[in-house]
Every structure is written in structure tokens, then in C-alpha cells.
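User: I would like to learn how to read the features of a protein model. Please take me through them one at a time.
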Amino acid sequence: MSYKQTIVWNVDNIEKERSLDPGIKEAALWIKRGEVVAFPTETVYGLGADATNDEAVEKIFKAKGRPGDNPLIVHIANQEQLKDLASSVPPLARKLAEHFWPGPLTLILPKKQEVSNKVTASLDTVAVRMPNHDVARALIKEAGVPVAAPSANQSGRPSPTKAEHVKHDLFGKVAGIVDGGPSGFGLESTVVDFSKETAWILRPGGITKEQLEEVLGKDRIGFENGADQLDNNAEMVSPKAPGMKYRHYAPDSPLILLRETKAIKRRMETEQKAGKKVAVLAVEEHRSDLEPAADIFIALGSCVKLEGVAAHLYDNLRQADQSDADIILCETFSLEGVGLAIMNRLEKASAEG
Ligand code: TXA
Ligand code: MG
């Protein structure tokens, strides 16, 4: 399906009464009609369609070029809508929902039979989240249906954190884009699986492991760091989150992660000697050390403010990718707090990770 024109609704300047905004109303109408529309959330932009309409859901996969065996997150506007999706909600999952919704947390729950196999890729679970973004919730409420939405990027590209990124990837491929300004957190939601005995983090994100432990207790939630490194291992037949087996968030030029500025400098020299143009991604604190020799330097924010690094990470990766660099060298971060999600995304984007 292609569209001569993709409608862009600018709702960025509307402070109050967002549900009454004509742009949101129109976008909701397109969703009701079975079309796909991109919208802002507090994590990244999503590409939404009526989760109860198989043809509409199909259009999401087509527009993104997403493999059909990678299930979608269903977005809801209030707790009430959860009843139509999950056949049961374990007490610990309910506790997290009460604590962190609306917010950047996705719960994997046993699905109700009525939930479409197109949405869940025929799994017996469904991923649900209530976004903490006025525009997103107003849109879902106005559409009157749960909204299936992956990140609104072309499959394999960094997730979009600005309407401009969505336009770049999907203009002409989707009915419309609700432009609500930059998304907040900048990386995707934390995905927690409640379909097994132990609650398990499948993807670190907007809610940190430490925050989850604070609510559930330290030994009540599992995470295997680097587990999804097995993505590229052909022998791994059954990855935990289906999306993990695909290379994600990948810029076109190879991205190499290096821990120390010394190592970055050394690699830069080697690459430049071989005639390569090098882009360096590093924190402000390392600018004076690395910028002079770099062909392109992109500051990732400050190492003492990882929220800022997360918020701009995808935009910075896109910028590095659009530059004429042949190779991108990027420094690494600690795995604490937000660092865990940052490193998870960088490792997935990395050629050598
Ligand atoms: O922040 C976010 O979560 C954003 C915004 C738009 O809400 N959405 C997002 O969706 O990141 P997507 O499709 O890009 O990532 C969803 C991830 C994929 O890795 C997918 O495989 C996994 O969640 N997933 C979805 N349903 C699942 C299920 N039933 N069981 C296990 N993993 C599931
Ligand atoms: Mg995605």
C-alpha cells in the first residue's frame, strides 16, 4: 500500500484539551477506518492500527517491512481495556501496572482468545502497555479500540524519536503522522514477561531494573544480561522475545563499541590510515580528547546524565549514519540504571557486538 500523501497533524503546540484537538480526532478516524497512523509516545514514536482489525494490523507489517513473526505491543488508554486483552493478570504484574502505568513498561500476559494472531504472531501471550503521553492516550481513547503499535521506523533502522524521523522512514507508506514534538525518554519501554514462573525482563527500557526490583523485591525479577546477544547465533532457535532474533536499530555504517578513549583513538588512527572516514560518538567529557582527530564528532550528552544520553541516542545514531563516515566508533556506558537500556541498544546496533 502506498499513499501519494501522508497527512501530518501538528499537535505540538496544543497544551490542554488534547482530546479535542482536530488533528487527533482526524487521526483517530483513520485508525477506526483501518489505516495506520504514527503517533508520539513518551518512549519513541509508534505506528498504530486498530488491534482488532487484522487487515489494519497487516498494514503495519507492510509499511515497516517487519517480519510477520515479530509480535506487536497493544497500547491502551486505561486499565479497563486490559480486560479485553489478557485472560489473567498475575498479582505481581498487576502491582507493576498500578505502579508504573501510564508509563514505559510493557507486560507480557496470557492472551484472551479473541486477541488476533496477527498481533501476537500466534503466541499465546499478548504484550500490553499504557503510554504516559497525552497525545497517545487521547488518540487511543478517541479511536475507541486498543492500538497495536511497534516503533514507527523502517524495520532495522533506529527507532524514531521525532516526527521528522518517521517522515524520513515512512512518508508515503502510512496514512498519517501525528507530530507531537520529540518523544520523552528516547528508548523503548521495558518489556517484562509474566507468562513464566519468574517475571523476566525481555528488553531493558524506560523503567529500570532497579525500579522494578524496588516494587517487586530483588529476587522477584530476572534479567540475563547479553542474552539477546545470541541473536546472531543460528543455533538459537527459540529466542525469548521474538523481536530479539532480528538485528535492530542498526545504522548503515558499521558501529564499533569501545570502552576507553585510548582504544577509540587507536582504532581511529588505524581506520584513517586505511583511508576511512571516522565518526566518533562520545560524551561531552571526552570531547576535547577525541574531537580534534575525528572526522566527525557527535556528542552523546554527559556521562553523569544518562537520561539525556538516552533521549538523543537514536537521533545521534541517525545523524552519524547520514554523515559520510565509513565507520562509527562509540564509547560504552555502565550497566546501571538507564545505562542498561542504552548499552542494550548500542550492542544491537553494533556490528561487532
Ligand atoms: O516503547 C515501546 O515499547 C514502543 C512504543 C511505540 O510503545 N514500541 C516498541 O514496539 O518498541 P516494537 O514492536 O518495536 O518492540 C516490541 C518488542 C519486540 O521485541 C517484540 O518481539 C516484543 O516486544 N513482543 C511483543 N509481543 C510479545 C510477546 N507476546 N511475547 C514476547 N515478546 C513480545
Ligand atoms: Mg522497534
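User: At what angle do helix α1 and helix α5 pack, and how far apart are their axes?

Analyst: First, the ground rules. This is a predicted model, where local features need pLDDT of at least 70, side-chain atom pairs count only at pLDDT 80 or more, and totals for chains, interfaces and linings use all residues. Residues are numbered from 1 along each chain as its sequence is written, chains are lettered from A and ligands numbered from 1 in the order in which they are written, and side-chain values use heavy atoms, with hydrogens and water left out.
Two packed helices are described by the angle between their axes and the distance between the axes. Helices (H or I, at least four residues) and strands (E, at least two) are DSSP runs, numbered from the N terminus. Axes are lines fitted to C-alpha atoms, for helices over the stretch in contact, and angles run from 0 to 180 degrees between N-to-C directions. Here α1 (residues 22-32) and α5 (residues 134-143) pack at about 50°, with axes 8 Å apart.

User: Which word describes how α1 and α5 lie to each other?

Analyst: Angles under 35 degrees count as roughly parallel, over 145 as roughly antiparallel, 65 to 115 as roughly perpendicular and the rest as oblique. α1 and α5 are therefore oblique. Their crossing is right-handed; a crossing is left-handed if the near helix is turned anticlockwise from the far one by less than a right angle, and right-handed if clockwise. Among the residues that meet are Ile 24 and Ala 28 in α1 and Val 135 and Leu 139 in α5 (contact means heavy atoms within 4.5 Å).

User: How do the axes of α10 and α11 cross?

Analyst: The axes of α10 (residues 306-322) and α11 (residues 339-349) come within 9 Å and cross at roughly 20°. That makes the two helices roughly parallel. The crossing of α10 and α11 is left-handed. Leu 313 and Leu 317 of α10 are among the residues making the contact, as are Ile 342 and Leu 346 of α11.

User: Now sheets. In what order do the 4 strands of the open sheet lie?

Analyst: Strands of a sheet pair through backbone hydrogen bonds, either parallel or antiparallel. Two strands pair if DSSP finds at least two bridges between them. In this sheet the order is β12-β15-β13-β14, with parallel pairing. β12 (255-258) and β14 are at the edges with a single partner strand each, so one side of each has no neighbour in the sheet. On average, neighbouring strands are turned by 20° against each other, direction ignored.

User: How many bridges join β12 to β15?

Analyst: There are 4 bridges between β12 and β15 (residues 327-331). Leu 257 stands opposite Cys 330 in β15. Helix α8 (residues 261-273) packs on this sheet, where α8 touches β12, β13 (278-282) and β15; the direction of α8 makes about 175° with that of β15. Helix α10 also packs on the sheet, touching β12, β13, β14 and β15.

User: What is the pairing in the open sheet of 11 strands?

Analyst: The pairing is mixed, and the order is β1-β8-β2-β3-β7-β4-β6-β5-β9-β10-β11. The edge strands, β1 (7-10) and β11 (221-222), each pair on one side only. Inside the order, β5 (residues 105-110) and β9 (residues 190-193) run parallel and are joined by 4 bridges. Ile 108 has Asp 193 in β9 as its bridge partner.
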